[in-house]
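Subject: Handing over the two-chain model

Dear colleague,

I am passing this structure on to you, and below it you will find my notes on what came out of going through it. Please read them with the structure open beside you.

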Amino acid sequence: MASYVLGEFADDAAICAAARSLREAGVAALDAHSPVPIHGIDEALALPRSPVPLIALVGVLLGGSGGYLMMWWMNAVDYVIDVGGRPAHAAPAFVPITFETTVLTAAVFIVGGLFALAGFPRLHHPVFEVEAFRTASVDGLWLSAEVEPGRAEAVAGELRRLGARQVSRVDEEEEP
Amino acid sequence: MSPPEAVARVERLDPLEPVPVLVGHPGDRELNDQLFGPVWAPTRRGWLVLFGLSATFAAVLIVAVTYTVATGIGVWGNNIPVGWAFDIINFVWWIGIGHAGTLISAILLLFQQRWRTSINRFAEAMTLFAVMQALIFPALHTGRPWFDFWLFPYPSTLGLWPNFKSPLMWDVFAVNTYFLVSLLFWYVGLLPDLAALRDTSKSLVARKAYGIFALGWRGSARLWRHYRIAYLLLAGLSTPLVLSVHTIVSFDFAVSLLPGWHATIFPPYFVAGAIFSGFAMVLTLVIPARKVLGFENVITPRHLENMAKVLLATGLMVSYGYLAEHFNAWYSGDRFESFLFFQTRQRGPYAPVYWLMMFCNVVVPQIFWWKRARQSIWTLWIASILVNVGMWTERFNIIVTSLHRDFLPSSWAMYYPTWVDWSIFAGTVGMFGTLFLLFLRFVPSVSASEVKELRRELEHEAHASAGH
């Protein structure tokens with residue numbers, strides 16, 4: 001069981017300053033929510049490098065080699081189609097499909113990786129309990145902190161001190 | 001900002017200043033209200049009329065396809081020697097139209113062309129729906145569409161595999177990859193707006209429906225970091241993909257030995273033609289839509305003018321393709337090539353199609369050398385329709401005209417489309433329209449999250465230049 005403390009801020013500078021200050025005060029599970037990316041929030045939250053490019057690279061390598069090997073095995077090993085004595089393993093003729101399987105696998109890996117990193121689909125999340133949080137996808141800038149219930153009031157007070165326009169608290173329900 | 005106000009702002013623009021890509025300084029909520037307006041507004045009578053019309057044609061498609069499948073493709077006008085006719089013409093035409101969507105969303109993103117922002121959602125939807133129509137044709141043209149799964153490499157009891165050295169197999173992979181990657185790209189770009197739709201919805205049904213598609217998007221900074229990289233990488237993948245698709249479609253022709261098909265200019269010439277026809281279709285659709293939806297402040301005259309410039313540039317590339325084909329026919333000294341290009345096409349029974357193609361694709365885009373033509377909505381709209389017609393006649397010319405007079409005069413024959421051919425073609429136009437109208441009704445046709453970001457960038461720049 002955990003508590004979520006949410007605070008809404010007026011602009012990018014304010015939310016970044018608040019994020020930095022809370023992080024330095026030892027609140028680890030911080031996140032910001034906004035309709036468009038907030039300028040400077042990555043540094044303020046000290047976010048690690050995204051693994052998405054690596055996931056894409058794995059997709060490219062698997063898709064490219066998998067596509068080529070598939071064609072080679074099917075057309076040159078398992079079922080050789082002899083058309084006028086042309087070579088069964090014809091590298092130039094395998095280029096177009098190798099390219100297509102590379103792109104397709106990479107795209108599926110990128111999107112699948114993105115969803116896995118986001119934990120999608122996760123249709124419900126405790127922060128959605130706050131009605132005012134609905135502005136996070138429209139024009140609101142929100143900072144959320146996941147803390148143990150005992151610490152929630154202190155963090156809420158800290159958010160108010162850092163200039164949050166409104167602060168809310170959600171307590172996760174105990175699993176029945 | 002209400003739509004009439006937005007229009008008034010566009011009309012008040014200083015004619016001496018360059019037209020901006022975003023008129024005024026709408027706030028985030030204003031943008032949401034305006035761009036989501038068509039989704040939340042009650043259904044309009046005009047939309048219903050258009051939808052009814054499109055759906056009728058879509059029903060014609062279903063009837064004609066059912067008839068074709070039940071009877072066999074003998075109900076088409078195809079014959080020997082014209083074995084590829086309406087089905088391949090329409091396939092290439094629809095696939096080509098799709099290309100502008102990917103070009104706008106991916107290539108212009110990589111080149112940081114800001115004017116893409118308000119039209120990319122629109123163009124990507126057009127891509128998806130156009131590729132869906134395209135896929136109908138080769139699927140039927142196999143003759144036994146219930147065996148179409150044989151095209152995919154799966155371990156079958158027959159114990160054989162597809163021949164991957166055939167350009168027709170390349171086509172299967174290229175077009176299916178193109179459709180799936182475009183779908184992923186479009187959906188990922190849609191997520192922030194789906195979340196905003198969920199959060200601004202008034203009814204529980206809408207909230208749940210959009211909520212399911214939004215997958216639980218919370219606009220998290222942790223996710224935005226991955227999201228931006230993923231979106232950029234998808235754009236980077238789509239860029240060579242879109243060039244590869246029409247290249248591979250052109251290989252269907254270029255790899256054969258038929259005069260009029262066997263030319264090395266084909267891949268670049270097909271890609272240019274695809275972008276040409278795609279931009280024409282974007283203009284055909286966006287001009288009425290921006291007016292009806294009241295989006296003139298986000299899809300400004302600047303966007304239309306830039307698209308006119310793209311039409312002019314790609315039109316010139318297509319013209320160069322024609323020139324290169326004719327030059328090769330003459331320079332090769334091949335009798336069959338020169339007979340095709342200088343006799344059959346220009347003076348044969350299908351000559352009107354050739355001259356219509358030359359008029360629509362070579363002559364018409366030249367008016368865009370004039371700024372006045374680029375700024376006139378009506379000129380743009382009519383020219384865009386003529387280009388669509390021109391690109392259809394180009395495929396007719398390549399396919400039917402080349403096939404109906406090949407090497408032996410004894411095997412020459414004419415091709416005439418039957419009512420089934422026409423019904424399937426008109427039906428795909430109806431199906432495309434139906435899908436597009438549903439898109440305009442249920443999905444914001446301009447990306448609110450991207451326009452918000454654009455506004456921040458523009459403000460940041462204005463601020464920076466004012467500071468010096």
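From the N terminus on, chain A runs β-α-β-α-α-α-β-α-β, which amounts to five helices and four strands; here helices (H or I, at least four residues) and strands (E, at least two) are DSSP runs, numbered from the N terminus. The radius of gyration of chain A is 25 Å, well over the 16 Å that the globule rule gives for 176 residues, so chain A is more spread out than a compact globule. That radius is taken over C-alpha atoms, and the globule rule is 2.2 Å times the number of residues to the power 0.38.

Before going further, please keep in mind that this is a predicted model, in which local features need pLDDT of at least 70 and side-chain atom pairs count only at pLDDT 80 or more, while totals for chains, interfaces and linings use all residues. Residues are numbered from 1 along each chain as its sequence is written, and chains are lettered from A and ligands numbered from 1 in the order in which they are written.

Chain A in outline

Along its principal axes, the C-alpha trace of chain A spans about 80 × 40 × 30 Å. Of its 176 residues, 42% are buried, a residue being buried if 20 or more other C-beta atoms lie within 10 Å of its own, exposed if 12 or fewer, and partly exposed in between, with C-beta atoms placed from the backbone. Among the contacts in chain A with a separation of 6 or more, 79% join residues 24 or more positions apart; two residues are in contact if their C-beta atoms, placed from the backbone, lie within 7 Å.

Two local features of chain A deserve a look. The peptide bond from F120(A) to P121(A) is cis, with omega near -10°, and P121(A) sits in the loop between α4 and β3 (141-147) of chain A. A46(A), which is not a glycine, has a positive phi near 50°; A46(A) belongs to the loop between α2 and α3 of chain A and is exposed, with 11 other C-beta atoms within 10 Å.

Where the chains meet

In all, 51 residues of chain A are in contact with 51 residues of chain B. On the chain A side, the elements that give two or more residues are β2 (30-33), α2 (41-44), α3 (52-78) and α4 (91-118), and α4(A) gives the most, with 16 residues. The residues of this side of chain A divide into 37 nonpolar, seven polar and seven charged, where Ala, Val, Leu, Ile, Met, Phe, Trp, Tyr, Cys and Pro count as nonpolar, Asp, Glu, Lys and Arg as charged, and the others, Gly among them, as polar.

Chain B

Chain B has 16 helices and zero strands. Its radius of gyration is 24 Å, close to the 23 Å that the globule rule gives for 468 residues, so chain B is as compact as a globular protein of that length. The C-alpha atoms of chain B fill a box of roughly 75 × 55 × 40 Å, taken along the principal axes, and 49% of the 468 residues count as buried. Of the contacts in chain B with a separation of 6 or more, residues 24 or more positions apart account for 83%.

One helix pair can be described in detail. The axes of α10 (residues 301-331) and α11 (residues 335-347) of chain B come within 8 Å and cross at roughly 135°, the axes being lines fitted to C-alpha atoms, for helices over the stretch in contact, with angles running from 0 to 180 degrees between N-to-C directions. In this pair, E325(B), H326(B), A329(B) and W330(B) of α10(B) meet E337(B), S338(B), L340(B) and F341(B) of α11(B), and these residues divide into four nonpolar, two polar and two charged.

Chain B also has a cis peptide bond, from I80(B) to P81(B), with omega near 20°, and P81(B) is placed in the loop between α3 (45-71) and α4 (86-110) of chain B. L215(B) has a positive phi of about 65° although it is not a glycine; L215(B) lies in the loop between α7 (204-214) and α8 (221-254) of chain B.

With best regards
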